[in-house]
Every structure is written in C-alpha cells, then in structure tokens.
Amino acid sequence: MSWGLENLPYGVFSRHEGETPRVGVRYGDHVVDLAGALHDEVFATGSLNAFMSRGPVAWRDTRTLIQNKLSTDRAVVEPHLVPLDQVTLHLPVEVADYVDFYCSLEHASNLGRMFRPDEEPLKPNWRHLPVGYHGRAGTVVASGTPVVRPSGQRGAGVFGPSAKLDIEAELGFVVGTPTALGDRAGRFEDHVFGVTLVNDWSARDIQAWEYVPLGPFLGKSFATSISPWITPLAALSEARVEGGRQDPEPLGYLRREEPWGLDLRLEISVNGEVVSRPPYRDMYWTPDQMLAHMTVNGAALRTGDLYASGTVSGSGPGERGSLIELTWNGTEPLKLPDGSARTFLEDGDTVTITATAPGPGGSVITLGEVSGRIEPSR
C-alpha cells in the first residue's frame, strides 16, 4: 500500500461546506481524523501550524502513536476514518514566509546556455552558495486551485497576458520549529517537519523583462501551488542519499554533516500525458544547506515557513523540470501524444506533478500530487 503505515502524510480536510477544517493523515483511501482519534484539539485548528510548533519530539511520538493505533488498536480508530472521496482538502499550513532556491546544477546550466551562450553557464557565485530569493507567501495555494494567466510588462511599452507561462517542478520544505531573530538554525531535522511537492508557476516573458537587477517579482509572485499533503521527514528515511558532488568544497557553515539528499523521482504530466521525469537525488545543493544559508545572517525562522528547491532537472532531455528547458525556450515544441504541441502553457491546460521515493522493506512512498489548471487572464 503506497499510503500505508510507512507513509502517513499530514493534511487538512473538511467533510462538508461550513465545517471547520481539521488535521488528518492519509491512510489508504481514507483520512484519519486526528482530533477524534487522538483526542487532541491541536488537530482541530484548521492548519498544521499548531502541531508543528510542538517540535521534533512531538512529531516523532505522534507518528508512532498513529502507527500503533492503526496496526494494533484499529477498532478505536475505525470511527475516525473518513473516506477520501468524501472530503475537501485545503492548504495544509498557514505559510509564514516563502523562499525559492535555484539548486539544480542542470537547470541553472541549461538556462545559462540558453540566455548567455557566449559566457560560462553559471554565474561565479553559484557553486559557492545556494542562490535564492523571497517569494510571496500570500499566493501559495493548495493543489487544484485554478491559476489565472498573469498579465504584466513584457518589454518597453508592452503590456498584456503572459505568452510564456511555464511550470517549475520543485520540492518544498515546511518549517515547524522556529528560531529567534539573530540565531542560526540548528540541525535540519530539528526544524523541518516535512516535504511537499511544489509547482512554482512562472511567466517567463514578464520575468525576463523585470528581473535585472533585483531578481524575480511579478513573473513569479502570482501563484505557487503545493500539494495538500505534507510528507514527514521520518517517512523518507530510506530515501536519504548524499546529494550531488560539490566542487569547490563549501564554506564551513554549508558543509554537509548528514546525508540529506533525497532519492525522489518526479513525474510531470500535461493534460494527463507524461512529459518529463526529473530526478531529485543529485541536486547540487541539499535542503540542510538551504536552511543553513537562509539563516546564517540571523534571519528568524517561523512555524509555517516554506522554502523550495528550485526547478528539479536531470541531465537527460526527458528529465527537465520546466517547459522552457523541455522546449529550449520555445524553439523545440513539445509534441504531446494527442498530436498537439506546446512551447508554453495554453489556457485550459492542466499540469500535475507527482513523485515517489523508496520506503522501508522495498515499499514505495508516494508524495501527494500537486495540480493546477490554467484559466484565461482577467
């Protein structure tokens, strides 16, 4: 069972319109209502934030308790199992801050070759620190939320709907344990509660015109979709790997103390047709390094902070995590099995990102999908 005891991702659900959303875990084709099953009102608050703020000991103990109840005390849990097809899923966390990184060597190199063909693909700083920028927490939305095509400036005196609307298949990390202003973060697993799939939608033409000299703004801030399920780090213990080889060796605060690369295989579908399978395991910068860099200046973490990996791309043409790479900025249209072609997204297109990871005993951990449909500009 891909949604068995070794998985148990957390989400927020309601059973009918008007009901206050509650926290649950997915088990098979059901959601376990945790407020009822565990008699703990922290799970009746409508988001995961209150529970996440309890810290890693509580996360571990609660996961063990849920596993024990489902495996040895099923009769007690049974009244609190809600069929998945009878619930509405919501944004699982109240997002405090959102930071997007740029951690794939392959993705960064592809874009460098595309836009700076006569220069080195990577900027001089890229191998020395995980490049990132602050996004917009208020436009992080749950999977299934329609994405309206953004409008903006596409050049000098040119305004209109984006003609180069794109995706970015990413992995997101959700912070549970905060830090005080001025303090650096400690161990990765003491702060990060779990992971979620992310589609950081991108308007490439708006972004290209605006991003010099301060970086992305309106080309990225209109929508970021995340899965309704947060997979706890404990579920990914069998997926941990070293991460991509780094040269030169990073500065001391960025050196890896433990293996926090993750052996995940993503899959991107456009209108139900698979167009790419990006591998996450060889990402150059790992999430512990992102966390260390994000807080090395004393910036405080808050419960509900979300930070994402940046586009996940592999070395092969069928492993690229964005349409700008898959179509080489529109010069090589992507042929879909239905006979249609895409350079960038059209109105009515639906993009779905899924992922799997190895689990204990040869099992497979499935991450909750993230999906969104493009609607016309307004």
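The model is predicted, so local features need pLDDT of at least 70 and side-chain atom pairs count only at pLDDT 80 or more, while totals for chains, interfaces and linings use all residues. Residues are numbered from 1 along each chain as its sequence is written, and side-chain values use heavy atoms, with hydrogens and water left out.

- The chain is divided into domain 1 (10-89) and domain 2 (98-375), with bounds that come from an automatic or database domain assignment.
- Taken over C-alpha atoms, the centres of domain 1 and domain 2 are 28 Å apart.
- In domain 1, 18 residues are in contact with 17 residues of domain 2; contact means heavy atoms within 4.5 Å.
- Between them, domain 1 and domain 2 bury about 1300 Å², 73% of it on carbon and sulfur atoms. Buried area is the accessible area (1.4 Å probe) that two parts lose on being put together, summed over both.
- On the side of domain 1, Y10, M52 and W59 lose the most area to domain 2, together 43% of what that side buries.
- The elements giving two or more residues to that side are β1 (10-14), β2 (22-27), α2 (49-52) and α3 (56-72). Helices (H or I, at least four residues) and strands (E, at least two) are DSSP runs, numbered from the N terminus.

**Nonpolar cores**

- A nonpolar core is a set of buried Ala, Val, Leu, Ile, Met, Phe, Trp, Tyr and Cys residues joined through side-chain atoms within 4.5 Å.
- The largest nonpolar core has 62 residues, and L171, F173, W201, L264, L266, Y280 and Y307 touch the most other members.
- Leaving out residues up to four places away in sequence, Y280 touches several residues, including L262, P287, M290, S309 and V312.
- A second, separate core of 33 residues includes V12, V25, M52 and V174.

**Helix α5 and N110**

- Helix α5 (residues 105-115) has H107, A108, S109, N110, L111, G112 and M114 as its buried residues, and what covers them includes α9 (323-326).
- Is N110 buried or exposed? N110 counts as buried because its relative accessibility is 8%; buried means under 20% relative accessible area, exposed over 50%, partly exposed in between (1.4 Å probe, protein chains only).
- The side chains of N110 and E325 are joined by a polar contact of 2.8 Å. A polar contact is a pair of N or O atoms within 3.5 Å; within protein, one must be able to donate a hydrogen and the other to accept it, and residues adjacent in sequence count only if both atoms are side-chain atoms.
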